[in-house]
Amino acid sequence: SALRGLLARMPKAELHIHIEGSLEPELIFALAERNGVTLPYAGVEALRAAYAFTDLQSFLDIYYAGASVLLQEQDFYDMAWAYFEKAAQDHVVHAELFFDPQTHTARGVSVGTVIQGLSRACTDAQQRLGVSASLILCFLRHLSEDDALSTLEDALPWRDHFIGVGLDSSERGHPPSKFARVFARCGELGLHRVAHAGEEGPPAYVEEALDLLHVERIDHGVRSIESPALMQRLARERVPLTVCPLSNVKLCVVPDLTAHPLPQLLTAGLAVTINSDDPAYFGGYLNDNFLALFAAQPQWGAREAYELARNSLAASFAPPQQRAVWQ
Ligand code: ES4
Ligand code: ZN
């Protein structure tokens, strides 16, 4: 239909993608072979069959196992390049990629190896695909704040290769307050700040991320729907939410897309965006998320499509001269 064509072809930004979550099973096994890594799955089909998640933790266990095949700089480049080819097909004009250095440094891979491989792919995405791309370093919240601080320290020689920091992994029991000092340091360094909050955690974690970490965007934030006071604040302050519809269904945050709170968040005046989160694990890239959500909202049309695309470009950290090209 015309609407499907519009959704697929309109220019959009992707602001919530874990690049390790873009590793398709075929590439996982190809890199395992290249690096001599043995996986606890017989093959591509057996791995895909294990993608039946009941909550965030059941996903993270498999996601960290998949990332274990990444060892060389070229591995990080190849992973990101495969994503950029998908992004270009989806008419993504700008992407901000999350990466998890601690997942790799724990296996003896240096932060420099990770960042140099990803950064080279970002440069090539701009030059060969016309996709502007930047990196956001994420701290794993199930680890300590001291671990996050030393990860930041280790990454500082590559300070110019990432634009900001985020907070991801297991949310429950690991509130934003745990990372107040490291986020304050990141603020002093002029880094943008975002955090996952209100995915599985309560609305109070969204408030902590805003008040204690001083984040500029909230990743997920869907449980804000439970607090009218927080909803009013997010609308008034136009705090962008990077919402991931297919992720929320796969991780049982919502029962199905017809029950997803995104339409209510949008109607309440929040700066909502649509994103893919971990597309290789959750059943689709950015356009798949748009198409699936719009299929569950038959009353939606071009107005909502443009609003969501415009929100994504407006909520990006792209510099003013870049944004001028989109207007
Ligand atoms: C993630 Cl869906 C999600 N939530 C929290 N942390 C993550 N890391 C990768 N995907
Ligand atoms: Zn995420």
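Reader: What makes Asp277 count as buried?

Author: Asp277 has 29 C-beta neighbours inside 10 Å. A residue is called buried if 20 or more other C-beta atoms lie within 10 Å of its own, exposed if 12 or fewer, and partly exposed in between, with C-beta atoms placed from the backbone. Asp277 therefore counts as buried. This is a predicted model, in which local features need pLDDT of at least 70, side-chain atom pairs count only at pLDDT 80 or more, and totals for chains, interfaces and linings use all residues. Residues are numbered from 1 along each chain as its sequence is written, while chains are lettered from A and ligands numbered from 1 in the order in which they are written.

Reader: Where is Asp277 placed, and which residues is Asp277 in contact with?

Author: Asp277 is in the loop between strand E8 (271-274) and helix H14 (279-282); helices (H or I, at least four residues) and strands (E, at least two) are DSSP runs, numbered from the N terminus. Two residues are in contact if their C-beta atoms, placed from the backbone, lie within 7 Å. Neighbours within four places in sequence aside, the contacts of Asp277 are His16, Ile17, His18, Gly21, Cys244, Ser247 and Phe282.

Reader: Which residues does the UniProt annotation "binding site" cover?

Author: According to the unreviewed UniProt entry, they are His16, His18, His196 and Asp277. UniProt positions are given in the numbering used here, feature names are shortened, and annotations may be inferred rather than shown by experiment.

Reader: How do you know that these residues cluster in space?

Author: They are spread over 262 residues of sequence, yet the largest C-alpha distance is 11.7 Å. One of them, His16, lies in strand E1 (residues 12-18). His16 touches Asp219, Thr242, Cys244, Asn275 and Asp277, not counting residues up to four places away in sequence.

Reader: Why is Glu199 called buried?

Author: Glu199 has 24 C-beta neighbours inside 10 Å and therefore counts as buried. The unreviewed UniProt entry gives Glu199 the annotation "active site". Glu199 lies in the loop between strand E5 (192-197) and helix H10 (203-211). Leaving out residues up to four places away in sequence, Glu199 touches Leu56, Glu171, His220, Val222 and Val253.

Reader: Which residues of helix H8 are buried, and how do you know that they line one face of the helix?

Author: In helix H8 (residues 145-155) the buried residues are Ala148, Thr151 and Leu152. Seen down the axis of H8, these buried residues fall within an arc of 100°, so they line one face of the helix. The arc is that of the directions from the helix axis to the C-beta atoms. Asp146 and Glu153, on the other side of H8, are exposed. The buried residues pack against helix H6 (101-105), strand E3 (132-140) and helix H9 (180-188).

Reader: Why is the chain called as compact as a globular protein of its length?

Author: The chain has 17 helices and eight strands. Its radius of gyration is 18 Å, close to the 20 Å that the globule rule gives for 327 residues, so the chain is as compact as a globular protein of that length. The radius is taken over C-alpha atoms, and the rule is 2.2 Å times the number of residues to the power 0.38.

Reader: What is the mean pLDDT of the chain?

Author: The mean pLDDT, the predictor's confidence in each residue from 0 to 100, is 98, and 100% of the residues reach 70 or more.
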